[in-house]
Amino acid sequence: MRKKIIAGNWKMNMTPSQAVALCAELKDLVKNDDVDVVYCVPAIDIVPVVNALKGTNVKVGAENMYFEEKGAFTGEISAAMLKDAGVEYVIIGHSERRDYFKEDDALLNKKVKKAIEAGLTPILCCGETLEQREMGITMDWIRMQIKSDLAGVAAADVAKLVIAYEPIWAIGTGKTATTAQAEEVCGGIRACIEEIYDKATAEAVRIQYGGSVNAANAAELFAEKDIDGGLVGGASLKADFGKIVCYNK
Ligand code: PEP
């Protein structure tokens with residue numbers, strides 16, 4: 001039985017003091033022992049958020065990292081730095097990074113491997129554009145992303161990671177994939193993992209849906225057999241996130 005995981009992606013929002021205030025505002029609203037709760041926060045918020053969340057059920061994630069160990073990579077943050085600061089999860093391959101920062105699958109594969117080596121859990125994002133969906137190549141595209149991003153990653157590590165299916169046309173647009181569309185692709189990702197690895201790995205890996213998840217649609221989406229929670233952008237910055245986390249109450 002996979003435990004649901006509901007993660008907020010704060011993106012480039014919240015100054016350090018606003019971040020601490022948001023942690024305090026959400027503290028009592030996001031208590032749900034049935035799910036793992038994660039806030040993925042901007043790099044500068046990590047240390048204050050780790051401190052603000054001490055003694056709570058909420059874990060901290062980063063929104064990005066670099067794959068090199070250390071050295072002359074001005075502006076980048078390593079997996080070891082994140083780990084040492086108290087981070088447990090890291091988003092890798094969000095569509096905004098793939099699009100605006102031209103991160104490709106070869107780079108993301110290096111990031112996934114480095115995150116795992118450092119003891120972080122990657123939240124690996126994948127998803128199609130509207131054009132790809134309309135062309136009928138959604139699953140081909142996502143299978144290509146998954147296979148490339150996980151190349152050379154051992155089954156035991158894949159079993160522990162989180163994959164987020166995020167149709168690009170549903171991110172920040174208010175357009176949610178229908179529950180059937182979301183379940184179809186999440187199921188397809190699980191089948192792809194079984195094909196590359198084995199049934200046990202496919203049954204263990206947690207697959208989130210992301211794309212305009214809100215308090216009104218979370219329960220229906222998370223009730224699907226292959227949807228193990230959500231990656232939540234806009235709605236993670238407000239009290240509504242508590243309702244999403246407590247979708248089963
Ligand atoms: C995201 O950024 O990962 C996301 C799903 O955003 P939103 O919930 O705002 O669509």
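Guide: Let us begin with a pair of residues: alanine 62 has valine 90, in β4, as its bridge partner. This is a predicted model, in which local features need pLDDT of at least 70 and side-chain atom pairs count only at pLDDT 80 or more, while totals for chains, interfaces and linings use all residues. Residues are numbered from 1 along each chain as its sequence is written, and side-chain values use heavy atoms, with hydrogens and water left out.

Strand β4 covers residues 89-92; strands (E, at least two residues) and helices (H or I, at least four) are DSSP runs, numbered from the N terminus. A second residue of β4, tyrosine 89, stands opposite glycine 61. Strand β3 (residues 58-62) runs parallel to β4, and two bridges join them; strands are said to pair if DSSP finds at least two bridges between them. Between β3 and β4 the chain passes through helix α3 (residues 79-84), in a β-α-β crossover that is right-handed, a word used when, with the strands pointing away from the viewer, the path from the first strand over the helix to the second runs clockwise.

Strand β4 is also joined to β5 (residues 121-126), here by four bridges and again with parallel strands, and in β5 the bridge partner of tyrosine 89 is threonine 121. In a regular strand the side chains alternate between the two faces of the sheet. In β4, Tyr89 and Ile91 lie on one side and Val90 and Ile92 on the other, and these four residues are all buried, which leaves both faces of the strand covered. Buried means under 20% relative accessible area, exposed means over 50%, and partly exposed lies in between (1.4 Å probe, protein chains only).

Stepping back, β4 belongs to a barrel that eight strands close in the order β1-β2-β3-β4-β5-β6-β7-β8, with parallel pairing. Neighbouring strands of this sheet are turned against each other by 25 degrees on average, direction ignored, where axes are lines fitted to C-alpha atoms (for helices over the stretch in contact) and angles run from 0 to 180 degrees between N-to-C directions.

Now to the ligand, which 14 residues surround, the closest being Lys11, Glu166, Gly172, Ser212 and Gly233; a residue counts as near when one of its heavy atoms lies within 4 Å. Oxygen atoms of the ligand lie 2.6 Å from a polar side-chain atom of lysine 11, 2.6 Å from a polar side-chain atom of glutamate 166, and 2.6 Å from a polar backbone atom of glycine 172. A polar contact is a pair of N or O atoms within 3.5 Å; within protein, one must be able to donate a hydrogen and the other to accept it, and residues adjacent in sequence count only if both atoms are side-chain atoms.

Lysine 11 sits in the loop between β1 and α1 and is partly exposed, because its relative accessible area is 22%. Serine 212, in the loop between β7 (206-210) and α11 (218-222), counts as buried because its relative accessibility is 19%. A polar atom of the serine 212 side chain lies 2.7 Å from the backbone oxygen of alanine 170. Most residues other than glycine have a negative phi, and most peptide bonds are trans. Lysine 11, however, has a positive phi of about 55 degrees, and serine 212 likewise has a positive phi of about 55 degrees.
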